[in-house]
Amino acid sequence: MKPLNLVTLLVFLAATAWTLTRSETSVRQIQKGYYSFISPFVASGSAMETKIRAFDEEVEHSETLSKKLKIAETELVKLSTEIEHLKKLEKENVQLRAALDFKERTPFSVKAAKVIRRKPSNWWETAHIDRGSNHGISPMLAVIAAEGLVGKVDRPEDETSTVILLTDEACQVSARVVGTHEFGILSGQRAQNGDNPMLRLRYLSRDSNVKIGQKVITTGKGELFEKGIALGTIVDITRGALYTEAQVKPAVNFADLETVFVLIK
Amino acid sequence: MYDARLHILPLTFLCCVVTVGFSPMLILAFICGFIWDAQNTLGSQGGDPTIYTAPADQIRFGYSIILYFVMGIIMQGFQPLFQKGVWQLSAIVTGFATFFYLLSEYLLINIVRGEFYFPTRVFYQIWLSAAITMICSPLLFFILFKLARLFDHTIRYDGLKKRYFRFQKTEEETTA
């Protein structure tokens with residue numbers, strides 16, 4: 001081996017060993033530097049993607065659009081009525097809470113964000129949103145959509161953030177089956193990255209009385225997610241020797257994720 | 001299509017390493033692996049450990065450097081043929097190297113997190129991604145040759161070599 005190659009190999013091995021022994025804090029620092037460098041490129045790429053999408057939408061058949069518009073108008077009237085009704089209920093709820101002297105829930109505000117990039121890697125279910133630490137986003141905050149839980153913030157940059165989706169194996173949520181006292185841990189599954197990903201609800205009691213079609217919501221335990229956020233619906237149940245496990249269809253359509261909301265504590 | 005995609009960074013790396021020596025290959029492997037991990041590494045689970053008793057483990061930051069190094073070694077093994085002008089074989093090896101890279105990455109996840117799980121769709125995803133990457137490699141080689149010519153860099157591909165020798169021969173003939 002040539003001396004130059006040998007020296008380079010030694011330097012390479014030392015640099016690799018240095019990289020492999022970085023702590024999580026230093027990895028985060030490295031990632032922060034990397035993302036602040038590439039964020040202008042990501043933003044321009046996302047703008048281009050948005051333009052292409054907009055063009056694609058314009059090409060859509062006008063008849064389909066007018067049909068959709070009619071449906072939307074009907075829905076709007078329906079929703080306005082519902083909102084009015086909900087406002088009344090909210091008022092009533094506040095009055096009742098005051099009367100019963102209940103402690104108020106931890107106040108949080110919601111920050112709307114747009115999904116600018118979906119699944120940049122092979123095996124990790126992540127998305128990038130256009131809100132970052134400059135907008136008050138911090139790690140571990142829950143990200144929701146109108147239908148339910150989307151995931152949690154993994155890494156906020158200045159202007160953007162990486163969200164680890166509920167469909168990822170590493171995103172675990174303490175969950176409860178509605179109508180029962182069954183608690184479990186819900187997470188994504190490995191290699192379930194198609195159009196219909198299924199979630200896995202583990203550690204339900206062996207003799208649990210959960211049934212197909214029951215809804216699953218967050219418990220509020222574990223310091224990560226607020227209580228009562230919709231997670232999905234049970235579609236299959238497997239009873240094991242120690243625990244019962246259920247397959248859950250997510251409440252959120254992850255294939256069509258555009259606008260999300262970050263719950264800021 | 002089973003979530004298959006073109007892997008631009010591995011493709012660029014694989015096409016570049018076959019045109020350079022061992023030392024530049026090591027440097028490229030380090031840079032590409034580092035960038036890949038900086039882009040994709042996820043943080044820890046977080047939350048109350050009494051509730052989340054079995055968090056999913058993550059692969060260590062920097063593992064991609066090793067995978068890129070192995071891919072680089074595979075590509076460099078075919079460098080003598082590439083230098084003789086058999087670039088087609090290098091293009092095919094690009095696909096195999098990508099396949100190896102994705103497979104290793106997936107197997108690593110299985111090892112780290114336990115519960116070996118290898119559904120058919122993962123196999124399709126891997127080989128389709130490798131095939132897409134392989135199909136695109138001639139384009140990358142073409143760009144590399146154009147760039148080499150532009151910056152007067154010798155890849156030592158016979159096509160360029162011949163022209164160089166032809167030029168030398170003409171010069172010798174003129175002198176004689």
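**Strands, helices and a chain contact**

Biologist: Which residue of strand 10 of chain A is the bridge partner of Val216(A)?

Modeller: The partner is Gly232(A). This is a predicted model, in which local features need pLDDT of at least 70, side-chain atom pairs count only at pLDDT 80 or more, and totals for chains, interfaces and linings use all residues. Residues are numbered from 1 along each chain as its sequence is written, with chains lettered from A and ligands numbered from 1 in the order in which they are written.

Biologist: Why are strand 9 and strand 10 of chain A said to pair?

Modeller: Pairing takes at least two bridges found by DSSP, and these strands have 3, in the antiparallel sense, so they pair. Strands are DSSP runs of E, at least two residues, and helices are runs of H or I, at least four, numbered from the N terminus.

Biologist: And what joins strand 9 to strand 6 of chain A?

Modeller: Again 3 bridges, antiparallel; Arg176(A) has Ile217(A) as its bridge partner.

Biologist: How do helix 2 and helix 3 of chain B cross?

Modeller: Their axes come within 8 Å and cross at roughly 145°. Axes are lines fitted to C-alpha atoms over the stretch in contact, with angles from 0 to 180 degrees between N-to-C directions.
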